[in-house]
Amino acid sequence: MTHSTCAALFDLDGVLIDSESVYSRFWTEIDRIYPTGIPNYALHIKGTTLPEILKDFPDEDVQKDILRRISEFQDVMHYELFQGVEHFLESLAAKGIPAAIVTSSDSRKMQMLFSQLPEFKRYFEAIIDASQVTRSKPDPQGYLLAASALGVAPERCYVFEDSLQGLRAGRAAGASVIGLATTYDREAVSPLADHVIDSFVDFTVEEMLAVTRR
């Protein structure tokens, strides 16, 4: 696989941004207020789009309240990159390897993110968010759209994911999948990934290029 014919596709929360623990507390509280009966609800919905999550709350007034709460929550949320992320993205750019974000987040949240981290956007040639997909992960739609936007065949892409739903999506897209053991432990991530890393610290582009699909 040559540099000019491959691409890196990244999930956002739990991969590039250290926010999963914050979201877990939010959704655990929502499940306390409006019990779903689903065990470990915050973990259950990792990697799922908000429209899909709202299906667990069929009452329209409850949905409106959840939308209000998450809007207020994200408006004051602090976005912080994981250690090593920026260096890795700079290394990709230096080698001419295009990158994209594929996230279940909505466009409003993405605007908030880039308003806090304006330089972050320059690393990505494509951003696929919830407004552009009709099928939530584990459906591969988001990753297929990103590959198409970059003009790279899905099987020549490297997908970086932390959630089980996202890992399945990357695999279903036909990409090489690199799992981040940030939300789940290595034992949970490993069966769905071709390679597992704990973080981007000391992880190199050369190591990424050496990963092959199982």
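Guide: Let us begin with one residue of this predicted model. Setting aside neighbours within four places in sequence, Lys46 is in contact with Glu20, Ser24, Ser163, Gln165, Thr183 and Tyr184.

Visitor: Where is Lys46 found?

Guide: Lys46 belongs to the loop between α2 (41-44) and α3.

Visitor: Is Lys46 buried or exposed?

Guide: Buried means under 20% relative accessible area. Lys46 has 6% relative accessibility and therefore counts as buried. The side chain of Lys46 also makes a polar contact of 2.6 Å with the side chain of Ser24.

Visitor: Let us turn to empty space. How is it found?

Guide: Rolling a probe the size of a water molecule over the atoms shows where empty space is left. In this model, the count comes to two cavities of 30 Å³ or more.

Visitor: Which residues are the closest to the centre of the largest cavity?

Guide: Of the 22 residues that line the largest cavity, Asp13, Tyr23, Trp27, Thr48 and Ser104 are the closest to its centre. The space in this largest cavity is about 320 Å³.

Visitor: Which helix supplies the largest share of that lining?

Guide: The largest share, three residues, comes from α1. At least two residues each are supplied by α1 (20-33), α3 (50-54) and α4 (60-75). By class, the lining of the largest cavity has seven nonpolar, eight polar and seven charged residues.

Visitor: What is the volume of the second largest cavity?

Guide: Its volume is about 60 Å³. Among the residues lining the second largest cavity are Thr49, Ser104, Arg135 and Asp139. By class, this lining has two nonpolar, five polar and three charged residues.

How values were computed: Residues numbered from 1 in each chain as written. Predicted model: local features only at pLDDT ≥ 70, side-chain atom pairs only at ≥ 80, totals over all residues. Heavy atoms only, no water. 1 Å grid on protein atoms, 1.4 Å probe; cavity = no way out; pocket = protein on both sides within 12 Å on 5 of 7 lines; lining within 4 Å. Points joined across faces, edges and corners; volume = space filled by probe spheres on them. Helix = DSSP H or I, 4+ residues; strand = E, 2+ residues; numbered from the N terminus. Nonpolar A, V, L, I, M, F, W, Y, C, P; charged D, E, K, R; others polar. Buried < 20%, exposed > 50% of the residue type's maximum accessible area, 1.4 Å probe, protein only. Polar contact = N/O pair within 3.5 Å; in protein donor to acceptor, adjacent residues only side chain to side chain. Contact = heavy atoms within 4.5 Å.
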